[in-house]
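Trainee: I would like to learn how to read salt bridges in a model. Can we work through some cases?

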Amino acid sequence: MHTYSLYDLNEYIRRVLALNLGDALWVTGEIAQIGLSRGHYYMDLVQKSPEGDELVAQSQGVLWQAQYRQLRRQMGLTLDELLTEGISVRLKVKVDFHERFGLKLFIEDIDPTYTFGLLHQQRQEVIRKLQSAGLFEKNASLTFPPVIQRIAVFTSATAAGYQDFLAHLRNNPYGYAISTTLFEVAVQGAQVEADIVAALHRLSMRSQDFDVAVVIRGGGARTDLAAFDQYALNVAAAQCPLPLLTGIGHETDATILDLVAALSLKTPTAVADFIIQHNLQFEQNLLIAGQIIQKQAQVHLRDADRRLVLLAQQLKLGAKHEVIVQHRLLDYITQTLPALARRRLQDADLQLAQLERLRQSLSAETALRRGFTITTREGRAVRAAEVQAGDRLLTRFADGETNSTVDE
Amino acid sequence: MKAPSYESAMQELQRIVDDMQEGAVPIDELALKAAKAAELIAFCRNKLRAIESEIQQIDAQENEG
């Protein structure tokens, strides 16, 4: 059997490949790793098993500087967003095999619609899972406390926007005292999801120390926001016991975290502004409440005053009425007393007269019993000098009466 | 001796009236009772007039205020 030299073999492979894969072709894969050297991009392109835990294919990709510049002119910043680790891409590549450097895929074009379409699909899937787990609306259903003064800040100390955020809060024109506590997390790169999940867990241990949690960072590449679309991060965010605010600096579509958060704003300073305005609203409500209380108190006082005046009038009228009643009573007594006294005297007179009559009749009876008689002529008592012959006399004894005629 | 209250004066007056109506006043005391009643009536009238003028003074004070 013929033995080839390594060069002969590789030279043969090159010719076979060139013959069969002479034209550029489109291929999909994920950028596992990417580096820049002397203006050229070198990357590991991989394909994972459907379970996502095992590599089933891997190749080296190269984007030469000249090609990069041409694509950059066509696509702008989007190109840089696509050239990111962990991103699935659709590339137009020319398969190249070099006798010494082996197989490489020279990148001629890149299809952004594939990547963004895929990201969109993944996002929809994550949203659907969050909804079916009852988590999608969970954080949004929390209400902000009346005053926001203690803020848990999830960002990197070096992140663009963090210092702006702090300065904005500090320089609020109303002099509100607002304290911030930094939960240091990566806001770009591969660590974002794990960092934020861990930090949210730390926060939940001491959530009573804070009023709200905010996730902020300055602007960044669009694909760099992919971490904020991840399921685990959004599960943790949805379960955050505090209302979550986001200001993760993006111009285009909101991330899923923005949808899950209680409030999503464009930038860190917008978040700071919201917090200040929220507190201002509370202060204004306090002032209004104070005014209402004052007004109500005045109304109550006026009412009480009016009632007192009314009561005083009623009392006065009552007193006057009572005086009048008493006067009438005295009038009545004054009128009736003399009549009563007169009647009393008349009664006494009558009594006396009766007694007199009784005395008279009693004295006549006594005389008769002793043997005296009473002689009457025509019903009247007579004396001897008055009697004439022929008079008819009635003589009354104690035990009876006799009639007699005077002889002489 | 303390001046009697309007109520006690009125009670005494009422008792005299009641006694007279029932004929329970001895004749010897009739003139005495009548005089006492007149005295009590005068006392009550004076009291009422004093109270009236006090009420009027309160009215005047309120109207000033």
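Trainee: Which residue forms a salt bridge with Arg396(A)?

Mentor: Side chains of opposite charge can pair when their charged atoms come close. In this predicted model, the partner of Arg396(A) is Glu365(A), with the closest N and O atoms 3.4 Å apart. The pair links distant parts of the chain, 31 residues apart. Arg396(A) sits in strand β13 (residues 392–397), and Glu365(A) in helix α9 (residues 268–369).

Trainee: Where do Asp391(A) and Arg377(A) lie in the chain?

Mentor: First, the contact: they form a salt bridge, with the closest N and O atoms 2.7 Å apart. This pair also links distant parts of the chain, 14 residues apart. Asp391(A) is in the loop between β12 (380–381) and β13, while Arg377(A) is in strand β11 (residues 374–377). Buried means under 20% relative accessible area, so Asp391(A), at 15%, counts as buried. Arg377(A), at 23%, counts as partly exposed.

Trainee: How many residues apart are Glu125(A) and Arg128(A) in helix α4?

Mentor: They are 3 apart, so about one helical turn separates them. Their side chains meet in a salt bridge at 3.1 Å, N to O. Glu125(A) is partly exposed at 39%, and so is Arg128(A) at 46%.

Trainee: Which residues are linked in a network of salt bridges?

Mentor: Glu11(A), Arg14(A), Arg15(A) and Glu99(A) are linked that way. Over all chains, the structure holds 16 salt bridges.

How values were computed: Residues are numbered from 1 along each chain as its sequence is written. Chains are lettered from A and ligands numbered from 1 in the order in which they are written. This is a predicted model: local features need pLDDT of at least 70, side-chain atom pairs count only at pLDDT 80 or more; totals for chains, interfaces and linings use all residues. Side-chain values use heavy atoms; hydrogens and water are left out. A salt bridge is a side-chain nitrogen of Lys or Arg within 4 Å of a carboxyl oxygen of Asp or Glu. Helices (H or I, at least four residues) and strands (E, at least two) are DSSP runs, numbered from the N terminus. Buried means under 20% relative accessible area, exposed over 50%, partly exposed in between (1.4 Å probe, protein chains only).
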